[in-house]
Amino acid sequence: MGVMGKDAVQDDFPSFALPVDTEHKATIMRPWYFARPHMPAFHLSWLAFFAAFVSTFAPAALLPVIRDNIDLTKTDLGNAGIAAVCGAIAARVAMGNFVDTYGPRFGIGLCIGLTAPAVYCIALCTNAAGFIISRLFIGFSLATFVACQFWCTSMFNTKVVGTANALAAGWGNMGGGFTHFLMPLVFDGIKASSSPAFLAWRWAFFVPASFQVLLTVCIMAFTQDMPDGNYAALKKSSAMRKSSAWGTWKAAITNYRTWVMTLTYGYCFGVELTVDNVLPQYMYDNFHLDLHIAGLLAAIFGMMNLFSRPSGGYISDLVARKWGMRGRLWAMWIIQSLGGLFCLLLGLTSGSLGATMAILVIFSIFCQQSCGLSFGIVPFISKRSTGLVSGFVGSGGNVGGAVTQALFFTYLPISTAQGFLWMGVMTMGITLLYLTMYFPMWGGCFAAAKEGVSEEDYYLAEWTPEERAEGLHSASIKFAYESRSQRGWVKQAALNESKEAAAAGAINDSVKSINV
Amino acid sequence: MARCLSLAVALVALVGYAAATGNIEDQQPTSYTQLAPVKGQWDITLKATKTADKAAFEPVDCAEPKISAACNKPLLTADAKDKLQVTAALKGKTLKTIDDLTPKRVVIKACYSKPSATDRPWRKSNDVIDKDKSCPFVIKSTELNVSSTSYSIDWPIPKNMTKAAWYATVLVLCENGTLNSYCQFDNTVNKTYFGTNIINSTPTSMIIATAVCASIGPLFLASYFIKDFMGRKKQ
């Protein structure tokens, strides 16, 4: 029921285990369900993203051992951290284009399957150059984020897409915290078998690498791209039409909202990446803790993603019910600004472990909630180029991570604590850009919607008249209809009232004309 | 809500545990500057044995702290087989300590030379001895014997010792009321250094295992796509 063979496509009246809308996207989000095809896609996509995070930040968890083994300097460590997030910048944009063309299943499968060798090979590096190159290639795996978000957007309805995206991304991001907990344990276990420390950390990387290989197999075997089948089959049956690649790119890059979200995501997710990179060392060096305790405390930041990023998506969907897209934008600005504030406060508590931990917990909640809130907005920027927009925004996160890591924790002669302080200041400044976001059919933070502009006007403007004549825009029509929920019930109620008033007025006029 | 509350309680407990297991000071902080008036009472000599040569060599006239310096060669390998013999002998008959405190313990440490600590804040030296991160290895720690004026040890270079140039430091611990504090020190800075190199940490078995495991993912994907392509071609 709703489970398709590789080359099969759903008939006109399919049945699914979960309630679905006109696009066959699930209208409910219950993480404890496993009904195919929606839920395996959800679970395997977040697990793949989780594995990518574990692998990308596994070196950070063992840095106190690695830096002595291969004689790294502070500059080398900073460059390696930058390489880890830079690797994904171009990869995320490429992934966005890839999933639009070939589907998210291949996207995720190829990404984690082909980066697993890099995770194995970091075990063989013997100098700074090898370490930096390994982290660069492992960082490519962070492109799974784009495919993960695209897949959730393909499988879940607009009313729950914020929650679905945030749950998947949040649980995936948790890998960045889980790795600080897992890798020291694995390292210790291997050391306990009489392996010297400089060998044990290398063998430890076989664990996250093997997990990636296992997930590759599961994704290719147990999932499909869309509720109705896989991309190849859908295109063959003409259920899915191929449109012009340049048209898809144009729709993404000429929309200023893509660039606003790209820049601002760099200061929630980018900040999160940077903190994942620097926190274990900061705990180890500043508070003189041993590797386990430092890793455990640093893990808290990433592990908060268990509920903080999903809560961001949930908040986004919740405020949208009443205030629509305007509610999402305001929530976004408020919460990300609070994230910046608490990052600043983190820099002021370096003298006290207790105060640092308290501020860190609150900072992690706001920082990760703002990541969840971001992807409550991104799916609505463009329907034609959903993947590409997700790719640009996702890569913006990595650019932000690279910039903040380079500026505040590598090249400027300031302490790590001061780095947190100035990173918080920069975050609050960049976040002001949200106030410029405006959707003509829904409004922005300060401006109401334009009269007479509908969702169809906005989404169909991405297609040329020729493409519309060929019927390539049919998915956008369905999406436009479903996205009316972003008006919020306040506006929708006002619209309904005016429609009823207009209808009543028309009846009165017709009665008067009869009487006359 | 209940889950959030239990998570919050767990976090608070974790923070409390971390604070409790953090470093607990059981000494009064002392600085190298404070101990400067009583420096210079020890003769510290270093002698090394490389198992490959089975010969001892003495890097005595090595005032060059860089690991690349010729006088620091050959480098001792961190394999627990190459050894460093450290002898600390008192120049005089008795040991004079700061504030005339009673010496109780002698600690000999290996410390990073300045070039080996450059651009590495985790090896940064500090004037306050307890905050000094540049001396991570304890070569010997022994009760001070009033009848003995010399302390010697053959120290196997541990497997977690990194590639660096080092000098030796002797620290004397005294009783100070109910606390312990450092009351005298000496080192071989600008006199004698020794160099170490890491063990081979990429054995053949690791290289083979990496090659085999790294090929599994790409091979699976290649075979999947070939099978998929052949299947579609048949249709």
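Predicted model: local features only at pLDDT ≥ 70, side-chain atom pairs only at ≥ 80, totals over all residues.
## The fold of chain B

Chain B contains four helices and 10 strands. Read from the N terminus, its elements follow the order α-α-β-β-β-β-β-α-β-β-β-β-β-α. The chain has 235 residues, of which 41% count as buried. Among the contacts in chain B with a separation of 6 or more, 78% are accounted for by residues 24 or more positions apart.

Strand 8 of chain B, residues 164-176, illustrates how the strands are arranged. Of its 13 residues, 11 are buried, so strand 8 is largely enclosed by the rest of the structure. Strand 8 of chain B pairs with strand 5 (residues 102-112) of chain B in the antiparallel sense, over 10 bridges. Within strand 8, B:Trp166 is the residue that stands opposite B:Tyr112. Strand 8 of chain B also pairs with strand 10 (residues 194-197) of chain B, again in the antiparallel sense and over three bridges. Here B:Ala165 has B:Gly195, in strand 10, as its bridge partner.

## The contact between chain B and chain A

How many residues does each chain bring to the contact? Chain B supplies 44 residues and chain A supplies 49 residues. The area buried between the two chains is about 4100 Å², and carbon and sulfur atoms give 72% of that area. On the side of chain B, the residues that lose the most area to chain A are B:Trp122, B:Met206 and B:Leu221, which together make up 15% of what that side buries.

Polar contacts are also present: between chain B and chain A, 11 residue pairs are in polar contact, with both residues at pLDDT 80 or more. Two elements of chain B give two or more residues to the side that touches chain A, namely helix 1 (2-21) and helix 4 (204-234). Helix 4 of chain B gives the most, with 16 residues. Sorted by class, the side of chain B that touches chain A has 25 nonpolar, 11 polar and eight charged residues.

## Salt bridges

Side chains of opposite charge can pair when their charged atoms come close. Over all chains, the count comes to 11 salt bridges, and three salt bridges are found across the interface of chain B and chain A. The table lists selected pairs.

| Residue | Partner | N to O distance |
|---|---|---|
| A:Asp285 | A:Arg67 | 3.4 Å |
| B:Arg123 | A:Asp71 | 3.9 Å |
| A:Arg384 | A:Glu467 | 2.8 Å |

A:Asp285 and A:Arg67 meet in a salt bridge. A:Asp285 belongs to helix 14 (residues 269-286) of chain A and A:Arg67 to helix 2 (residues 63-69) of chain A, so this pair ties together parts that are 218 residues apart in sequence. A:Asp285 has a relative accessibility of 17% and therefore counts as buried, because buried means under 20% relative accessible area. A:Arg67, at 2% relative accessibility, counts as buried as well.

B:Arg123 sits in the loop between helix 3 (114-117) and strand 6 (137-143) of chain B, whereas A:Asp71 sits in the loop between helix 2 and helix 3 (74-102) of chain A.

A:Arg384 lies in the loop between helix 17 (353-377) and helix 18 (386-411) of chain A and A:Glu467 lies in helix 21 (residues 465-469) of chain A, so the pair ties together parts that are 83 residues apart in sequence. Both A:Arg384 and A:Glu467 are buried.

Some salt bridges share partners, and these join A:Asp68, A:Asp71, B:Arg120 and B:Arg123 into one network.

## A buried residue of chain A

A:Gln149 is found in helix 6 (residues 144-155) of chain A. With a relative accessibility of 0%, A:Gln149 counts as buried. Which residues does A:Gln149 contact, leaving aside its neighbours within four places in sequence? They are A:Asn165, A:Ala168, A:Ala169, A:Arg309 and A:Phe375. A:Met357 is 208 residues from A:Gln149 in sequence, and their C-alpha atoms are 31 Å apart in space.

Methods. Residues numbered from 1 in each chain as written. Chains lettered and ligands numbered in written order. Heavy atoms only, no water. Contact = heavy atoms within 4.5 Å. Buried area = accessible area lost by both parts, 1.4 Å probe. Salt bridge = Lys/Arg side-chain N within 4 Å of Asp/Glu carboxyl O. Polar contact = N/O pair within 3.5 Å; in protein donor to acceptor, adjacent residues only side chain to side chain. Nonpolar A, V, L, I, M, F, W, Y, C, P; charged D, E, K, R; others polar. Buried < 20%, exposed > 50% of the residue type's maximum accessible area, 1.4 Å probe, protein only. Pairing = 2+ DSSP bridges.
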